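Hi,

Here is the structure I promised to pass on. Have a look at it first, and then read my notes below.

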Amino acid sequence: MSEPLLRVRGLRKQYGPRVVLRSIDLDVSEHQVVCLIGGSGSGKSTLLRCVDMLDVVDDGTIHLAGIELTDPRLDTDAARKRIGIVFQAYNLFPHLSVLDNITLAPRRVHGVPRKQAEETARELLARFGLADKAREHPDRLSGGQQQRAAIARALATEPDLLLFDEITSALDPELVGEVLDVVADLKRRGLTILMATHEMDFARQVADQVCFLENGVIVEQGTAEQVFTAPREQATRRFLSRVLDLPGRDGTVVV
């Protein structure tokens with residue numbers, strides 16, 4: 001079998017005395033969508049930040065396309081070019097137009113000529129229904145439009161791996177669907193995505209693999225069908241019973 005695009009082994013991260021991730025093992029194959037689920041504080045966001053090297057890991061290894069990202073000799077800025085990340089708070093630069101937000105990294109970091117970068121950006125904006133927003137500033141866009149622009153920005157550098165960190169949690173309910181539609185389209189296009197989400201129905205529909213985290217540990221991992229319909233672990237059943245009214249094995253709702 002071919003190597004996974006992303007391979008995490010024995011990952012550990014702590015802040016002072018608080019251990020946030022404990023011996024995390026995770027594989028993400030090319031063209032897969034892997035969803036991280038779990039309660040607040042379970043370690044989902046920290047795992048994504050470690051993969052993107054925004055947080056320094058305390059132990060373990062992370063490999064992307066065969067390159068060890070945790071090698072202290074590695075040029076992390078160069079390696080990070082292969083990863084696109086989108087946060088829940090958009091993080092668009094308010095003083096730049098949407099077009100300039102999307103073209104900034106390709107031009108400044110990747111050395112793409114302005115004309116080429118703008119052509120790519122306009123294609124992405126058109127794909128996400130934002131063709132008429134190129135010259136607007138972020139504060140003129142709705143939350144859903146800003147998040148779609150943030151996704152376009154992440155895609156503009158043609159990353160090998162996309163990381164999405166609860167990208168709908170800051171949105172009004174009526175805007176969630178339009179952002180999730182974009183993610184579903186990215187899956188159809190074959191992109192590789194690792195995402196933390198609290199949208200259980202969406203994870204069940206699009207994920208190739210689902211990982212349930214609790215207290216910094218991947219308690220259970222499997223296909224979406226297996227995890228959501230026949231979870232093996234009591235902790236997984238207890239969590240899903242709170243968010244999905246999942247019946248226990250004896251037919252009662254596990255609480």
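How do α3 and α5 lie relative to each other: roughly parallel or roughly perpendicular? Before the answer, some ground rules: this is a predicted model, in which local features need pLDDT of at least 70 and side-chain atom pairs count only at pLDDT 80 or more, while totals for chains, interfaces and linings use all residues. Residues are numbered from 1 along each chain as its sequence is written, and side-chain values use heavy atoms, with hydrogens and water left out.

**Helix packing**

Two packed helices are described by the angle between their axes and the distance between the axes. For α3 (98–108) and α5 (143–155), the angle is about 25° and the axes are 8 Å apart. They are therefore roughly parallel to each other (angles under 35 degrees count as roughly parallel, over 145 as roughly antiparallel, 65 to 115 as roughly perpendicular and the rest as oblique). Helices here are DSSP runs of H or I with at least four residues, strands are E runs of at least two, and both are numbered from the N terminus. Axes are lines fitted to C-alpha atoms, for helices over the stretch in contact, and angles run from 0 to 180 degrees between N-to-C directions.

On the α3 side, Val 98, Asn 101 and Ile 102 make the contact, and on the α5 side Ala 149, Ala 152 and Arg 153 do (contact means heavy atoms within 4.5 Å).

α5 also packs on α6 (residues 173–188), where the axes come within 8 Å and cross at roughly 20°. That makes α5 roughly parallel to α6, and this crossing is right-handed. Among the residues that meet are Ile 151 and Leu 155 in α5 and Val 179 and Val 182 in α6.

α3 and α4 pack at about 130°, with axes 9 Å apart, and that makes α3 oblique to α4. Their contact has 7 nonpolar, 1 polar and 5 charged residues (Ala, Val, Leu, Ile, Met, Phe, Trp, Tyr, Cys and Pro count as nonpolar, Asp, Glu, Lys and Arg as charged, and the others, Gly among them, as polar).

**Pockets and a cavity**

What is the volume of the largest pocket? About 580 Å³ (on a 1 Å grid over the protein atoms alone, a pocket is an open set of points with protein on both sides within 12 Å along at least five of seven lines, a cavity is a set where a 1.4 Å probe fits but cannot get out, and lining residues have an atom within 4 Å of a point). A volume is the space filled by probe spheres set on the points, which are joined across faces, edges and corners.

The largest pocket has 22 lining residues, and Arg 80, Ile 83, Ile 85, Ala 105 and Arg 153 lie nearest its centre. β6 gives the most to this lining, with 4 residues.

The second largest pocket holds about 270 Å³. Its lining has 15 residues, with Arg 127, Leu 155, Glu 158, Pro 159 and Leu 191 closest to the centre. Helix α4 (residues 114–127) supplies the largest share, 4 residues.

Finally, the whole structure has 1 cavity of 30 Å³ or more. Its lining includes Glu 166, Leu 180, Met 195 and His 198.

Cheers

Note on methods: Left-handed = near helix turned anticlockwise from the far one by under 90°.
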